[in-house]
Amino acid sequence: MSIDGLSDDEIRAILLNTGRIAVVGASANPARPSHEVTGFLVGRGFAVTPVNPGLAGQQIHGATVAASLAEAGRLEMVDIFRRSEEAGAVVDEAIRLGAKVVWMQLGVIDQAAAERARAAGVTAVMDRCPVIEWSRLGLARGA
């Protein structure tokens, strides 16, 4: 079982039923995983808002970068590309802003933040990548 305790069916449901995703820590550098994941999500038809204060107003894969999570607009899922020790603050803000899912990327693990999310009724995915899960589960949507 994975560290987050979620089943394949739960991950599948998240990926197929989510429409609006904020990518916190998005990068304009094509060599960065957050750049690749942002492009993958855009290509699959998700409404993606990259979040990076240093790139605010610029475009990544055709999506305008927001300076903060609060500026990203309506949220369903928050994909977190931050170090584990920084993830908790993002999770707390996502909870406050009404996200349904927080997704901590590969290597991002914060059990206390995940517990806070679950206690607030938010699904917490941890130490996973949506691109990998999409492929592993054989999903189809968009491009």
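1. Between which strand and which helix is the loop that holds Asp127? The answer is strand 7 (123-125) and helix 5 (130-137). The model is a predicted one, and what follows should be read as such. Asp127 has a positive phi of about 60° although it is not a glycine. Most residues other than glycine have a negative phi. With 29% relative accessibility, Asp127 counts as partly exposed.

2. The phi of His61 is positive, about 55°, and His61 is not a glycine either. His61 sits in the loop between strand 3 (59-60) and strand 4 (63-64). The relative accessibility of His61 is 36%, so His61 counts as partly exposed.

3. On the overall fold, the chain has five helices and seven strands. In sequence order they give the pattern α-β-α-β-β-β-β-α-β-α-β-α. The radius of gyration is 14 Å, close to the 15 Å that the globule rule gives for 143 residues, so the chain is as compact as a globular protein of that length. The C-alpha trace spans about 35 × 30 × 25 Å along its principal axes.

4. Of the contacts between residues at least 6 apart in sequence, 59% join residues at least 24 apart.

5. Helix 3 covers residues 84-96, which makes 13 residues. From its first C-alpha to its last, helix 3 reaches 19 Å, close to the 18 Å expected at 1.5 Å a residue. The buried residues of helix 3 are Ala87, Gly88, Val90, Val91 and Ala94. Their cover includes strand 1 (20-24), strand 5 (77-80), strand 6 (101-104) and helix 4 (111-119). After helix 3 comes Gly98, with a positive phi near 90°.

6. Ala113 lies in helix 4 and, at 0% relative accessibility, counts as buried. Leaving aside neighbours within four places in sequence, Ala113 is in contact with Gly88 and Val91, and both of these are among the buried residues of helix 3.

7. Ala70 is in the loop between strand 4 and strand 5, and its relative accessibility of 46% makes it partly exposed. Apart from neighbours within four places in sequence, Ala70 is in contact with Glu93 and Leu97. Ala70 and Gly25 are 45 residues apart along the chain, and their C-alpha atoms are separated by 14 Å.

8. Where is Gln105, and is it buried or exposed? Gln105 is in the loop between strand 6 and helix 4. Its relative accessibility is 4%, under the 20% cut-off, so Gln105 counts as buried. Not counting residues up to four places away in sequence, Gln105 touches Val37, Asp79, Ile80, Phe81, Asp127, Arg128, Cys129 and Pro130. One of these is Asp127, the residue of point 1 with the positive phi.

9. Glu133 is in helix 5 and counts as buried at 8% relative accessibility. Setting aside neighbours within four places in sequence, Glu133 is in contact with Ile11, Leu15, Trp103 and Arg128. Glu133 and Arg12 are 121 residues apart in sequence, yet 8.2 Å apart in space, C-alpha to C-alpha.

10. The largest pocket holds about 350 Å³ of space. It is lined by 19 residues, and the closest to its centre are Gly25, Arg32, Ser34, Phe81 and Arg82. Helix 2 (residues 33-43) gives the most to this lining, with three residues. By type, the lining divides into 10 nonpolar, five polar and four charged residues. Phe81, close to the pocket centre, is also one of the residues that Gln105 touches.

Key
Residues numbered from 1 in each chain as written. Predicted model: local features only at pLDDT ≥ 70, side-chain atom pairs only at ≥ 80, totals over all residues. Heavy atoms only, no water. Helix = DSSP H or I, 4+ residues; strand = E, 2+ residues; numbered from the N terminus. Expected span 1.5 Å × (residues − 1). Buried < 20%, exposed > 50% of the residue type's maximum accessible area, 1.4 Å probe, protein only. Contact = heavy atoms within 4.5 Å. 1 Å grid on protein atoms, 1.4 Å probe; cavity = no way out; pocket = protein on both sides within 12 Å on 5 of 7 lines; lining within 4 Å. Points joined across faces, edges and corners; volume = space filled by probe spheres on them. Nonpolar A, V, L, I, M, F, W, Y, C, P; charged D, E, K, R; others polar. Rg over C-alpha atoms; globule rule 2.2 N^0.38 Å.
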